[in-house]
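Subject: Structure handover

Hello,

Here is the structure I promised you. Please open it and keep it on screen while you read my notes.

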Amino acid sequence: MSTTVTPGDSALTRTSLKGYGKENTFAGVLSFMRRKYTKDLTGVDVAVSGVPLDIATTNRPGARLGPAAIRAAAVDLNWPMYPWGFGPCDRLSVIDYGDCWLDPHMPQTVFESIVQHARTILASGATLLTLGGDHYITLPLLYAHAEKFGKPLSLIHFDAHSDTWADDDVHSLNHGTMFYKAIKQGLIDPRSSVQIGIRTWNEDFLGMNVLGADWVHANGTGAASAKALDIVGDRPVYLTFDIDCLDPAYAPGTGTPVSGGRSPQPSPSRSCAHCSRCTSLEWMSSKLRRLMTTVPLPRWPRLILPPRCFAFSRNNVAGAARVPPRGQGLAPRCTRRPDDCINTRMMDRRGACDNRGIHTAPL
Ligand SMILES: [Mn+2]
């Protein structure tokens, strides 16, 4: 852990874009994880930015409050994570770029505003991590990413809803049809994309690979991540996470809750072997999942993680003991040899598998 700033208001005062700072969690200028709040993209690896839109929802609005709520909730993420002793900001230059400016009274300007916002960040070479906002924002964000990385992109999509319902009105702002439009516009390739956690019916999934919530419950997160990686291969991939992928027990304030979702137990898990940046993003993802369970906020927007990165989780010991996944129950105690066990983090530290634990996911 490196400390590079004097205590307090490190969103304003920090001089290094890496490392952590000393802050009172209950005070100070808010930024995502207390990162530097700046529009300067020089030398930035990851720019975190909010898109506070909720005029595309069909049920309950409120996601416009999401980016600000996440910043307020993320004050407790300003330190390395157990059990690794390090975090993404030790290795990556991460900033809070602030929010995309939107005019809710001029909805016809929203698409272009978001595209231009993302375009500016991506042009710098930084990876964009976006905080929503309702899920419509993914359409202009896909547009900007496809412009940068080439189309079609692959999509990894966590959600209760497919969001591929038909909509041929180019002017509509709809949080349930943006992937229909993205496929029709060639922004994403359904054959190399996967939707995970789906549990709402759609007459036409447009060729998307769907790992429904029932499939994930039956087969586990390990199988789901392996299947998803197999589908996506080594193509550029955009990852988007709708909070309603989780069961409403854990995120009841979401706009369109659907019962039967996954539990959000935090997951100290092995790092992904597919991308050098995965460890940090996985860390970020697991920390945010923990926040979802501990901070009662009215809305939890989705996270959009950058291309070529995955943030799959695996059930962890404490979480599994506390909240067994639905329909699955607790699996037997781990009896695997160290070389075979997923719990490589523990192995790294102890030289042997933590057999006291319980693994819930079939391997
Ligand atoms: Mn949804």
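Predicted model: local features only at pLDDT ≥ 70, side-chain atom pairs only at ≥ 80, totals over all residues.

The crossing is right-handed.

Which residues make the contact? From α4 come Phe111, Ile114, Val115, Ala118, Arg119 and Leu122. From α5 come Pro140, Leu141, Tyr143, Ala144, His145, Glu147 and Lys148. Sorted by class, nine residues in this contact are nonpolar, one is polar and three are charged.

Now turn to strand β2, residues 46-51. Is it mostly covered or mostly open? It is mostly covered, with six of its six residues buried. In a regular strand, side chains alternate between the two faces of the sheet. In β2, Val46, Val48 and Gly50 lie on one side. Ala47, Ser49 and Val51 lie on the other. Both faces are covered.

Strand β2 has these partners. It pairs with β3 (residues 94-99) in the parallel sense, over five bridges. There, alanine 47 stands opposite isoleucine 95. It also pairs with β4 (residues 127-132), again in the parallel sense, over six bridges. There, valine 48 stands opposite leucine 129.

Last, the whole chain. It has ten helices and nine strands. Of its 363 residues, 48% count as buried. Among contacts between residues at least 6 apart in sequence, 71% join residues at least 24 apart.

Best wishes

Terms used: Residues numbered from 1 in each chain as written. Left-handed = near helix turned anticlockwise from the far one by under 90°. Helix = DSSP H or I, 4+ residues; strand = E, 2+ residues; numbered from the N terminus. Contact = placed C-beta atoms within 7 Å. Nonpolar A, V, L, I, M, F, W, Y, C, P; charged D, E, K, R; others polar. Buried ≥ 20, exposed ≤ 12 C-beta atoms within 10 Å, placed from the backbone. Pairing = 2+ DSSP bridges.
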